[in-house]
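Visitor: Please take me through one part of this structure closely. I would like to look at the nonpolar core and the strands beside it.

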Amino acid sequence: MAAERSAARIERMGYDVGYRLCERLAQHRPLWGRGRLRRSMDPKTQLEAVKFLCKEFWTEVFRKQIDKLQTNHRGVFVLKDLELKWLRRLPPDEESARVGAIRMLAFPCGLIRGALACLGLGGAVVSCDFLADGKTMASCSFNIKVK
């Protein structure tokens with residue numbers, strides 16, 4: 001129970017940081033402009049918002065772009081980072097490392113939720129998971145479902 005509360009708190013901190021950082025980065029963008037965002041977005045605008053997240057926002061935070069963006073063009077996006085710095089040194093075959101990876105992903109998951117809220121996709125559901133391949137646990141996936 002305490003671990004869940006701490007993960008929720010870390011995710012809320014990530015949300016706050018993501019919202020504020022995205023607000024700063026997107027203030028001069030003609031698509032959104034100075035925080036006056038539209039509340040209902042068409043799928044093309046949703047895709048542009050997620051592309052902004054993958055390219056500019058992620059680069060500002062992790063000094064690299066998201067490695068892979070997939071979508072079904074119906075409001076579901078999958079972002080994959082194949083070399084997340086925070087997960088790089090975790091041992092791939094230990095259960096405690098898996099639990100630690102899930103805890104570490106709470107902050108970037110909150111970052112994404114906050115950035116999406118700033119971009120007008122506040123109702124988006126974000127889930128995250130790491131992709132262990134036996135050699136490394138540095139790969140992770142963020143699933144976004146826009147309501």
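Guide: What follows goes from the core to the strands. This is a predicted model, in which local features need pLDDT of at least 70, side-chain atom pairs count only at pLDDT 80 or more, and totals for chains, interfaces and linings use all residues. Residues are numbered from 1 along each chain as its sequence is written, and side-chain values use heavy atoms, with hydrogens and water left out.

A nonpolar core here is a set of buried Ala, Val, Leu, Ile, Met, Phe, Trp, Tyr and Cys residues joined through side-chain atoms within 4.5 Å; buried means under 20% relative accessible area (1.4 Å probe, protein chains only). The largest such core has 38 residues, and Leu53, Leu79, Leu87, Ile112, Leu116 and Ile144 touch the most other members. At least two residues each come from helices H1 (2–26), H2 (43–62), H3 (95–104) and H4 (106–118) and from strands E2, E3 and E4. Helices (H or I, at least four residues) and strands (E, at least two) are DSSP runs, numbered from the N terminus. H2 gives the largest share of this core, nine residues.

Ile144 has contacts (heavy atoms within 4.5 Å) with residues including Leu53, Phe77, Leu79, Ile112, Leu116 and Val126, not counting residues up to four places away in sequence.

Strands pair if DSSP finds at least two bridges between them. E4 (residues 140–145) pairs with E2 (residues 76–81) in the antiparallel sense over six bridges, and Asp81 stands opposite Cys140. Six bridges also join E4 to E3 (residues 125–130), again antiparallel, with Asp129 opposite Ser141.

Note on methods. Buried means under 20% relative accessible area, exposed over 50%, partly exposed in between (1.4 Å probe, protein chains only).
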